[in-house]
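I opened the model and kept notes as I went. The entries follow in the order in which I looked things up.

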Amino acid sequence: MSIEAINEQLLRAIGVGVALLDLGELRFRFFNDTFKEWFGDIAVGQQIAELFPTLDTDAMRTALDGEGRYSTENSFRLKRRTMSVAMTANRALDNGQEIAVLVCQNVSRIKELESMIDSYSMMVERNTREIKREKEQVEKLLLNMMPRSVYEEYKTFGVVTPRHYGEVAVLALDFAGFAEIVGGQDPGVVVSELNDIYTAFDRIGDQFGCERIKTVGDTYITVAGMPDPAENAVAAIASTAMRFVRYLEQRNRSHPLDWKCRIGVSSGSVIGSVVGVQKYIYDVFGPAVIDASRLRQHAAPMGIACDAHVAEALGDKFALTANGEADLGDGPVPIFALSATMDAGSGA
Amino acid sequence: MTVARHRDLPVQSRLRIVAIGARWGDFILEKTLYEQYGGFSAVSRIVMDLYDRLLDDDDIGPFFDDVAMPRVIDHQTKFVSSLMGGPASYTDDQIRKMHDHLPITGDHFAKLAVILRETLTDHGVAEEHADAVVGEFAARRDLVVNG
């Protein structure tokens, strides 16, 4: 077999569509088997425009006359498939006659894969947005349960190291006659009212750098001076307590339900940690928490009770009145009532 | 190919619930077939093969005669992904609306189930997993068959 014959056999057999065109009218002079397989009913002498109606033949001719090369992509239906072909035409000479060598590569699979990647990308992007939204909700929920610094530690390490906080101030609050309110009102109303009040308490606490630790029914506990230490933690918690009372007084004037809080304020050291494995909460423990809870029981409705340690720290900037003695666990100790309305100094 | 690994595992290992992402706590997540069989890189081969088989099939293929290629591909990608627990899911209403204009018969549906199963097993998906995927598909028969 001659070299020419071998070349022709190869040209016919390769998986690339090859055709020769007269440059003048862009008519087919030759096409290989692959070209015929792809483009079906085709004959020598046929114009390329008949086969590819969407092909810009003017642009093709101009490019071949100029640079001598023209590239484009064309899509067409082959049975029920969309076939995409990358076409490159190069000007050449054949026995002195100007021709164009047209080489077509099947890029259908590439186009199909591109479509699939587009489809997948859109699915993933949508999922990513949903995951981000859910993550933000989880973060918001966890930030409601623990201070941000504790949350960051939990997020990074999966655990929280219990920490000792030297000097913090604790406020414990409950409502006088809460059992009667719960028994006499619609549950939805009670929960809605508590939500409203606790939300207001949280906002007031935020203004004074307090961190709400938890609510258990009608008990609300917030602290100042942790996780970041504060020089004026006791003053901050006293100011918060006073504003809690004032807020409720104002609220009671315009609402049918009368909420009477009792507040205990103490100070001292506490331990803060996440407690629990499956159902975890952030909690604080220590004498200051116990004392604040016990002092609360000695507070009059809409009153604030504190111990001598707190009274000493508040000094003359707050209106304090000695209120006898109370047993907080280790025998009788003097307790004080902090006025919510009388501002003795700038502290309130 | 990634999927070959799973055939070597005992059935119990393949089906066991895998704990992942426990960094924040004790969230236990079940690994989907989509993840088990190598995610997008492996499932994409199943999608392309299924696309070829469906278009070449003289019963199913005509449904795609007048549908643009990107749309068919998008449909197949989401179809396989949703059946294998990948990042796509359809509500029953969406499935019904997508097919209510097509004269799909029980035979068409059964043929697609056969092609789906063959494609999955040819790509190394274990028989019981192929059963699960085809089962998911079959569960939606009434939403699709209307002819």
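**Entry 1: overview of chain A**

How many helices and strands does the secondary structure of chain A come to? I found eleven helices and 13 strands in chain A. This is a predicted model, so I kept the confidence values beside me.

I looked up burial next: of the 348 residues in chain A, 29% are buried. I also looked at how far apart in sequence the contacts reach. Among contacts in chain A with a separation of 6 or more, 56% are between residues 24 or more positions apart.

**Entry 2: confidence**

I noted a mean pLDDT of 88 for chain A, with 98% of its residues at 70 or more. Which element of chain A has the lowest mean pLDDT, and which the highest? The lowest belongs to helix 1 (residues 3-13) of chain A, at 78. The highest belongs to helix 9 (residues 233-254) of chain A, at 94.

I marked residues 344-348 of chain A, where pLDDT stays under 50. The model has 17 contacts beyond four places in sequence for residues 344-348 of chain A. Where pLDDT is low, the predicted coordinates should not be read in detail. I left that stretch there.

**Entry 3: the five-stranded sheet**

I traced an open sheet of five strands in chain A, with the order 2-1-5-4-3 and antiparallel pairing. Strand 2 and strand 3 (69-78) of chain A are the edge strands, each pairing on one side only. From one strand to the next, the twist averages 25 degrees.

I then checked what packs on the sheet. Helix 4 (residues 57-65) of chain A does, and it touches strand 3, strand 4 and strand 5 of chain A. The direction of helix 4 of chain A makes about 150 degrees with that of strand 3 of chain A.

I took the pairings of strand 1 (residues 17-22) of chain A in turn. Strand 1 is joined to strand 2 (residues 28-31) of chain A by three bridges, and the two run antiparallel. In strand 2 of chain A, Phe28(A) is the bridge partner of Leu21(A). These two strands of chain A form a hairpin with five residues between them. In its turn I noted Leu26(A), which has a positive phi of about 55 degrees.

Strand 1 of chain A also pairs with strand 5 (residues 97-106) of chain A, in the antiparallel sense, over six bridges. Here I found Cys104(A) of strand 5 as the bridge partner of Gly17(A).

**Entry 4: Asp94(A)**

I looked up Asp94(A), which lies in strand 4 (residues 81-94) of chain A. Why does Asp94(A) count as partly exposed? It does so because it has 13 C-beta neighbours inside 10 Å.

**Entry 5: helix 8 against helix 9**

The axes of helix 8 (residues 187-207) and helix 9 of chain A come within 10 Å and cross at roughly 145 degrees. I noted the crossing as right-handed. Helix 8 of chain A contributes Ala200(A), Phe201(A), Ile204(A) and Gly205(A) to the contact. Helix 9 of chain A contributes Thr240(A), Arg243(A), Phe244(A) and Tyr247(A). By class, I have five nonpolar, two polar and one charged residues in this contact.

**Entry 6: chain B against chain A**

I finished with the contact between the chains, which takes 21 residues from chain B and 16 residues from chain A. On the chain B side, helix 4 (39-56) and helix 5 (69-83) of chain B each supply at least two residues. The largest share of that side, seven residues, comes from helix 5 of chain B. I sorted the chain B side into twelve nonpolar, four polar and five charged residues.

Terms used:
Residues are numbered from 1 along each chain as its sequence is written. Chains are lettered from A and ligands numbered from 1 in the order in which they are written. This is a predicted model: local features need pLDDT of at least 70, side-chain atom pairs count only at pLDDT 80 or more; totals for chains, interfaces and linings use all residues. Two residues are in contact if their C-beta atoms, placed from the backbone, lie within 7 Å. Helices (H or I, at least four residues) and strands (E, at least two) are DSSP runs, numbered from the N terminus. Ala, Val, Leu, Ile, Met, Phe, Trp, Tyr, Cys and Pro count as nonpolar, Asp, Glu, Lys and Arg as charged, and the others, Gly among them, as polar. pLDDT is the predictor's confidence in each residue, from 0 to 100. A residue is buried if 20 or more other C-beta atoms lie within 10 Å of its own, exposed if 12 or fewer, and partly exposed in between; C-beta atoms are placed from the backbone. Two strands pair if DSSP finds at least two bridges between them. Axes are lines fitted to C-alpha atoms, for helices over the stretch in contact, and angles run from 0 to 180 degrees between N-to-C directions. A crossing is left-handed if the near helix is turned anticlockwise from the far one by less than a right angle, and right-handed if clockwise.
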